[in-house]
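This report concerns the sheet architecture and the nonpolar cores of a single chain. The sequence and structure are shown first.

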Amino acid sequence: MALDRFYDALETRSADEREAALARALPGQVAHARARAPHYARALADVEPAAIASRAALAALPVARKSALIAQQSEDPPFGGVVATALGALARVFVSPGPIAEPEAAVPDYWRYARALHATGLRGGELLHNCFAYHFTPAGSMLEGGARALGCPVFPAGTGNTEMQARAAAQLRPRCYSGTPDFLKTILEKGDELGLDLSSLQLGHVTGGAYLPTLRAWYAERGLTVLQSYGTADLGLIAYESEAREGLILDEGVVVEILRPGTGDPLPDGEVGEVVVTTLNPHHPLLRFATGDLSAIMPGASPCGRTNRRIRGWMGRADQAAKVRGMFVRPEQVAEVLRAVPAVAKARLVVSLEGERDVMLLRAEATERDEALVEKLGLALQNATKLRGLVELVPPGTLPNDGKVIDDTRPVPG
């Protein structure tokens, strides 16, 4: 193994080695969460930690949602009982939109971003120009912690002040930028306008926004290597891009499941669903934490040599609630319909407008037309939503593989 090519030996483990390590780690993490975090002491009271030793066993635990965590934190401040380290022992506390409080423990590279920056090409001694915010939200600290773990100094540039950013980069000569995908382009264009030499910036690590193909091509034309990652303020790094640029490789410190939106049910590889993450972080042991984002597991391994599974990147939001005739209809209710009618494995609720009236149409995949099945689905839909809707049976494979459970086609009010 080329030691400089990979961050550590974990990245090139065999699938069997990775699953064996997971089987060893999961029971301890569940036991630790139950012993040290009050919320999990209650939620996992009837769970035997030693039994949670596989992905299949993990899938039996309940899914945790950010909306529920916000309510927990309101009732039991500051963290809602999900943090296993005492407040006084933490290094920082952040408050992200929600509001939701996130801890940062006093350990190197707490958010695990060194691996992602290393894959981008950053190496020890090279300066990182960090354009993420350093206040309220943890993004600035995430990237700084990763750079420092690599032995890199950091210019804490923060957000905004484009001209000052360009002039500072011309003076300090950083090797790598970190920030949102589009702000690097803004800085470089300002440098061009001012006649500054920003040629030292050869690498970029971007996250926190859409990295569009046109922007990727713009950086490539300037000779820059700009790669992306996917993470959240709750979980830290989830997945990152390598030089292969084929999907995002899962971080070694998390367990990722792709679930059917509104359920706790894992989907087969390739199907689009909600990203749900279990972190092996001992300080903030989130178990089956739903991100609200859609993605899918890609087949095979990355050509770069890293062997962990890959996701396709961000593919939209899983929260597809729609207000129909004054009542909210949610993906969980569509899942309830499918549980009530096991003969149907996949369905999509289409909400449209006929004149001034909201209309619901449940499109369900079935091998043959069966009026009794249509009647069962219609009744199950009414029971789940308290609203009447139409039912249409379609052949298997008809519904798009995009993770959408509720498709609201009504025009957005002007």
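The paragraphs below treat the sheet, a helix packed on it, an annotated span and the cores.

The model is predicted. It contains an open sheet of nine strands, with mixed pairing, in the order S5-S4-S6-S7-S8-S9-S10-S15-S14. Strands S5 and S14 form the edges, each of them pairing on one side only. Between S4 and S6 the pairing is parallel and extends over three bridges; in this pair, Leu-128 stands opposite Cys-176 of S6.

Helix H6, residues 139–149, packs on the sheet. Its contacts comprise S4, S5, S6, S7, S8 and S9, and its direction makes about 170° with that of S4. The residue ranges of several of these strands are tabulated here.

| Strand | Residues |
|---|---|
| S4 | residues 128–130 |
| S5 | residues 154–156 |
| S6 | residues 176–179 |
| S7 | residues 203–206 |
| S8 | residues 225–232 |
| S9 | residues 236–240 |

An unreviewed UniProt entry lists residues 154–278 as "domain: AMP-dependent synthetase/ligase". In the model, this span is 26% helix and 31% strand, and its end C-alpha atoms lie 30 Å apart.

The largest nonpolar core holds 61 residues, of which Tyr-40, Leu-122 and Val-256 touch the most other members. With residues up to four places away in sequence left out, Tyr-40 touches Ala-33, Arg-34, Ala-45, Gly-81, Val-82, Pro-285, Leu-286 and Leu-287. Another core, of 26 residues, lies apart from the largest one; Ala-322, Leu-338, Val-351 and Ala-364 are among its members.

Note on methods: Residues numbered from 1 in each chain as written. Predicted model: local features only at pLDDT ≥ 70, side-chain atom pairs only at ≥ 80, totals over all residues. Heavy atoms only, no water. Pairing = 2+ DSSP bridges. Helix = DSSP H or I, 4+ residues; strand = E, 2+ residues; numbered from the N terminus. Contact = heavy atoms within 4.5 Å. Axes fitted to C-alpha atoms, helices over the stretch in contact; angles between N-to-C directions. UniProt positions renumbered as here; feature names shortened; annotations may be inferred. Core = buried A, V, L, I, M, F, W, Y, C linked by side-chain atoms within 4.5 Å. Buried < 20%, exposed > 50% of the residue type's maximum accessible area, 1.4 Å probe, protein only.
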